[in-house]
Amino acid sequence: MSRIVGHLDLDYFFAQVEEVEQPSLRGTPVLVCVFSGRTEDSGVISTSNYVAREHGVKSGMPIALAKRRLEGIKASFIPMDRGKYEVYSDRVMEILRREVDVIEQTGIDEAFFDITKRAGGDFGAAASTALLIKEEILREDRLTCSIGIGPNKVVAKIASDLKKPNGLTIVRDTEAMGFLSPLPVQKIYGVGPKTSKLLEDNKILAVRDLAEAPAQELEELLGRKLAAYLYNAAKGADDEPVSDRGGISQVSRILTLKQDTNDPQRVVAQLLPALKDIHGRLVSKGLFFRNISAIGIGKDLSLHTKSKTIERPTDSYAVIEEEVKGLLTQLLGEVGEVRRAGVRLGDLQDMANQHSLTEFTS
Ligand code: DCP
Ligand code: CA
């Protein structure tokens, strides 16, 4: 049975979440900013929607420069709220996980998945499942994503990037080598600026050149391990497995309320057992949290979040309850009645080992 691997990447992720929560932003430039706080405009653009990109805005650009590019245009500069995006990310990964054999999350908005068994080795069946996944993410989270399907990770990753936004690209095993041949070597997952410079200096520019290069020359240039990987990848024969990295970077609970309400006290009263449960899980694992989000889901299934990063990591139950009350009061004040409500603790830290468990930092 031929192996079938996918790669999913959410479109203009942080900015798209802001559009979902505030639909009136659609069609206007939306820029998610990391404000450094030194002056009003100091800081950089984390990401922006495609409308802003049409004006030359890019991730990593100084906010002041982006403002100049958008002079005279009504644009929204929104502070980055990572906890909020993580709530959406968790839900997307849950949808993906239930539709495929195994997932490997590689960033807040991307994951590889293996779908060989689920699709019975058939690329047509894999394409149908990919469409279903896109529909479910759109229905449940109102987000669009791009998916690539191929015989391995290298092909799937390139394919997901090919028709962005809202794309779906299927590359069958028999088409893989032809698909890869004309592409620049930098397209291969794992070829960074250093490797691509080395290859370029040796006139290896396209994937085709890589496949045709003498194996020994590549080994001398890149070392045995990288050479073997790239050599195989160029021939469409990457055999890296999709493996679940496990680990926890968040704990969350969402529950359905006894009746729809916009009363924070009622919601908190019903959430208390869930808060205690989450706190118990945190303490039993010896973890502290830094980020907390309140989650509300409306009658129309729309998702709303309010999140906050606190100054110092803590595992205090009192802090959880107090912050949830504050965040829920804000959230319900803005969105009105909700049907479901929940809480999420993120940016978890293992205090015994003094390291952050947020593995996904892209
Ligand atoms: N990000 C960031 N700074 C960067 C690149 C990305 O803060 N230099 C954040 C914001 C993005 C998220 O990571 O929303 C995912 O990164 P992507 O490179 O996948 O970019 P987008 O999802 O924004 O856009 P695309 O539609 O191209 O995937
Ligand atoms: Ca993305």
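Colleague: Are Phe14 and Tyr85 buried or exposed?

Modeller: Both Phe14 and Tyr85 are buried, where buried means under 20% relative accessible area, exposed over 50% and partly exposed in between, with a 1.4 Å probe and protein chains only. This is a predicted model, so local features need pLDDT of at least 70 and side-chain atom pairs count only at pLDDT 80 or more, while totals for chains, interfaces and linings use all residues. Residues are numbered from 1 along each chain as its sequence is written, chains are lettered from A and ligands numbered from 1 in the order in which they are written, and side-chain values use heavy atoms, with hydrogens and water left out.

Colleague: How many aromatic pairs are there?

Modeller: The count comes to 5 aromatic pairs. Rings of Phe, Tyr and Trp (its six-membered ring) pair if their centres lie within 6.5 Å; planes under 30 degrees apart count as stacked, over 60 as edge-to-face and the rest as tilted. Phe14 and Tyr85 form a stacked pair, with 4.3 Å centre to centre and 15° between the planes. Phe14 lies in helix α1 and Tyr85 in helix α4 (residues 82–99), so the pair ties together parts that are 71 residues apart in sequence. Helices (H or I, at least four residues) and strands (E, at least two) are DSSP runs, numbered from the N terminus.

Colleague: Which residues form one aromatic cluster with Phe14?

Modeller: Phe13 and Tyr85 do.

Colleague: Different topic. What is the strand order in the open sheet of 3 strands?

Modeller: The order is β3-β2-β4, with mixed pairing; two strands pair if DSSP finds at least two bridges between them. β3 (43–48) and β4 (76–79) stand at the edges with a single partner strand each, so one side of each is left without a neighbour in the sheet. On average, neighbouring strands of this sheet are turned by 40° against each other, direction ignored. Axes here are lines fitted to C-alpha atoms, for helices over the stretch in contact, and angles run from 0 to 180 degrees between N-to-C directions.

Colleague: What packs on the sheet?

Modeller: Helix α1 (residues 13–21) does, touching β2, β3 and β4, and its direction makes about 115° with that of β2. Contact means heavy atoms within 4.5 Å. Strand β2 (residues 30–35) pairs with β4 in the parallel sense over 4 bridges, and Leu31 has Phe77 in β4 as its bridge partner.

Colleague: Where is Ser48 found, and why does Ser48 count as buried?

Modeller: Ser48 is found in strand β3, and counts as buried because its relative accessibility is 1%. Among the residues that Ser48 touches, not counting those up to four places away in sequence, are Tyr12, Ala15 and Leu31.

Colleague: And the metal: what are the protein donors of the calcium ion (ligand 2)?

Modeller: They are Asp9 (OD), Leu10 (O) and Asp109 (OD), lying 2.1 to 2.3 Å from the ion. Donors are N, O and S atoms within 2.8 Å of the metal (3.2 Å for Na, K and Ca); water is not among the atoms, so sites may look incomplete. Asp9 and Leu10 are buried.

Colleague: What geometry does the site of the calcium ion (ligand 2) have?

Modeller: The site is octahedral, with angles of 77 to 174° among its 6 donor atoms. Six donors count as octahedral if opposite donors are over 155 degrees apart and all others between 65 and 115.

Technical notes. Four donors count as tetrahedral if all angles lie between 85 and 135 degrees; four count as square planar and six as octahedral if opposite donors are over 155 degrees apart and all others between 65 and 115; anything else is irregular.
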